[in-house]
Amino acid sequence: MVSHVDRFVINAALSPVAACVALRLSLGEVLVVNLTNGGELWRAQRSTFRGRPITYSPDGRLLVTTGSHGDGAGTIILWNAMCGSMLRELRGHDAPVTELVFSKDGLLYSTDMHGVVRSWNLQRQCESWSVPRHLINRSHGVRCARREK
């Protein structure tokens, strides 16, 4: 479990299919713990991890977190939920990603600190659409969205 005094849990996600929980730790680590025996299943230590969002795909095969690549822009990181191998990075946000959520049909939606909303089709490995921040009216929500082919 988390034992270092300087580390604490900032967010957590329960697996929809396995008895485990994924934890975002204060120093940027991702820790996946077996809920049956409390043992560590895997841990990812990467200095570029920042941010709170963490979620499992509906089928439980992917764990999705956020990070930042060299220029500081927001990156979404896809992990093999069972073994912890990094599968892919999704780039497209110009600011840190603040929220990640899956729809029932498996699309991944992300938002960033600038208010940009993006939809990712992970089956086709591409961005589906995005809502630029200038189209978002803070008092009335999203006014329109642009669909990508």
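A pocket is an open set of points on a 1 Å grid over the protein atoms alone, where a 1.4 Å probe fits and protein lies on both sides within 12 Å along at least five of seven lines; its lining residues have an atom within 4 Å of a point. Volume is the space filled by probe spheres set on the points, which are joined across faces, edges and corners. The model is predicted: local features need pLDDT of at least 70, side-chain atom pairs count only at pLDDT 80 or more, and totals for chains, interfaces and linings use all residues. Residues are numbered from 1 along each chain as its sequence is written, and side-chain values use heavy atoms, without hydrogens or water.

The largest pocket holds about 370 Å³ of space. It is lined by 16 residues, of which Asp59, Arg61, Leu62, Leu122 and Gln123 are the closest to its centre. The lining comprises 7 nonpolar, 5 polar and 4 charged residues (Ala, Val, Leu, Ile, Met, Phe, Trp, Tyr, Cys and Pro count as nonpolar, Asp, Glu, Lys and Arg as charged, the others, Gly among them, as polar).

Threonine 65 belongs to strand E6, residues 62–68 (strands are DSSP runs of at least two E residues, numbered from the N terminus). Threonine 65 is buried, because its relative accessibility is 0% (buried means under 20% relative accessible area, with a 1.4 Å probe and protein chains only). Beyond four places in sequence, threonine 65 touches residues including Arg24, Val30, Ile77 and Leu100 (contact means heavy atoms within 4.5 Å).

Alanine 44 lies in strand E4, residues 40–44. Alanine 44 also counts as buried, at 8% relative accessibility. Its C-alpha atom is 10.0 Å from that of arginine 24, 20 residues apart along the chain.

Note on methods
Helix = DSSP H or I, 4+ residues; strand = E, 2+ residues; numbered from the N terminus. Buried < 20%, exposed > 50% of the residue type's maximum accessible area, 1.4 Å probe, protein only.
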